[in-house]
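This briefing covers one protein chain and is grouped by topic. Please read it alongside the sequence and the structure.

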Amino acid sequence: MVLTPRVLESLYTFLRQTPPFHRWKLPEADEVEFRVSYTDVFGHCQRLASGRFCIWLSAKRIEHTYVALEVMAHEMVHVHVGISDGSAHHGKRFRYHAAQVCAHHGFDMRAFCLRKHRRCWRC
């Protein structure tokens, strides 16, 4: 799979229109920066000084569409939780919303958390 910022934007736009994302009032895709990284971390989400979110997905780690969708969904949970309470960690609120995403999209909850950081062992 070839990842480009435009592909990431398309993944985000698609997921944003599906449950539970469509109820979360996430920013439009043109309000989010999308970048491709080449690190060992599958994905990353950061709120920039401008207040916009930036989502990176790793071309080094992501080889299949399913994984790209799963990682993008994971980062979108971070956006949602970050908007509502500024939190960026994998705490209770993150896991609550991640469980909703996994139920709707058929993602395995443990893989959904572990694939990203290998540190989110509580999920």
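Predicted model: local features only at pLDDT ≥ 70, side-chain atom pairs only at ≥ 80, totals over all residues.

Are Phe-107 and Phe-112 buried or exposed? Both Phe-107 and Phe-112 are buried.

**Overall fold**

- The chain holds four helices and three strands, and read from the N terminus the order of these elements is α-β-β-β-α-α-α.
- With a radius of gyration of 13 Å, close to the 14 Å that the globule rule gives for 123 residues, the chain is as compact as a globular protein of that length.
- The C-alpha trace spans about 30 × 30 × 25 Å along its principal axes.
- Buried residues make up 47% of the 123 in the chain.
- Among contacts with a separation of 6 or more, 50% are between residues 24 or more positions apart.

**Helix 1**

- Helix 1 covers residues 5–16, twelve residues in total, and its span from first to last C-alpha is 16 Å, close to the 16 Å expected at 1.5 Å a residue.
- The buried residues in helix 1 are Leu-8, Leu-11, Tyr-12 and Leu-15.
- These four lie on the same side of helix 1, because the arc they cover around the axis is only 95 degrees.
- An α-helix has 3.6 residues a turn, so residues three or four places apart point the same way.
- The partners of this buried side are strand 1 (32–37), strand 3 (53–58), helix 2 (65–85) and helix 3 (92–105).

**Nonpolar core**

- The largest nonpolar core has 35 residues, of which Tyr-12, Ile-55, Leu-57, Met-72 and Phe-112 touch the most other members.
- Helix 1, strand 1, strand 3, helix 2, helix 3 and helix 4 (109–117) each give two or more residues to this core.
- Helix 2 gives the most, with ten residues.
- Leaving aside residues up to four places away in sequence, Phe-112 touches Glu-70, Ala-73, His-74, Val-77, Phe-94, Ala-98, Val-101, Cys-102 and Phe-107.

**Aromatic pairs**

- A pair of aromatic rings is described by the distance of the centres and the angle of the planes.
- Four aromatic pairs are counted in the model.
- One of them is the edge-to-face pair of Phe-21 and Trp-24, at 5.1 Å centre to centre and 80 degrees between the planes.
- Phe-21 and Trp-24 are both buried.
- The pair of Phe-107 and Phe-112 is stacked, because the ring centres are 5.8 Å apart and the planes are at 20 degrees, with planes under 30 degrees apart counting as stacked.
- Phe-107 and Phe-112 also belong to one aromatic cluster with Tyr-66.

- Most residues other than glycine have a negative phi, and most peptide bonds are trans.
- Pro-19 and Pro-20 are joined by a cis peptide bond, with omega about -10 degrees.
- Pro-20 is located in the loop between helix 1 and strand 1.
- Lys-25 is placed in the loop between helix 1 and strand 1, and its phi is positive, near 55 degrees.
- Lys-25 counts as exposed because its relative accessible area is 75%, where exposed means over 50%.

Technical notes. Residues numbered from 1 in each chain as written. Heavy atoms only, no water. Expected span 1.5 Å × (residues − 1). Buried < 20%, exposed > 50% of the residue type's maximum accessible area, 1.4 Å probe, protein only. Arc of directions from axis to C-beta. Contact = heavy atoms within 4.5 Å. Phe/Tyr/Trp six-rings, centres within 6.5 Å; stacked < 30°, edge-to-face > 60°. Core = buried A, V, L, I, M, F, W, Y, C linked by side-chain atoms within 4.5 Å. Rg over C-alpha atoms; globule rule 2.2 N^0.38 Å.
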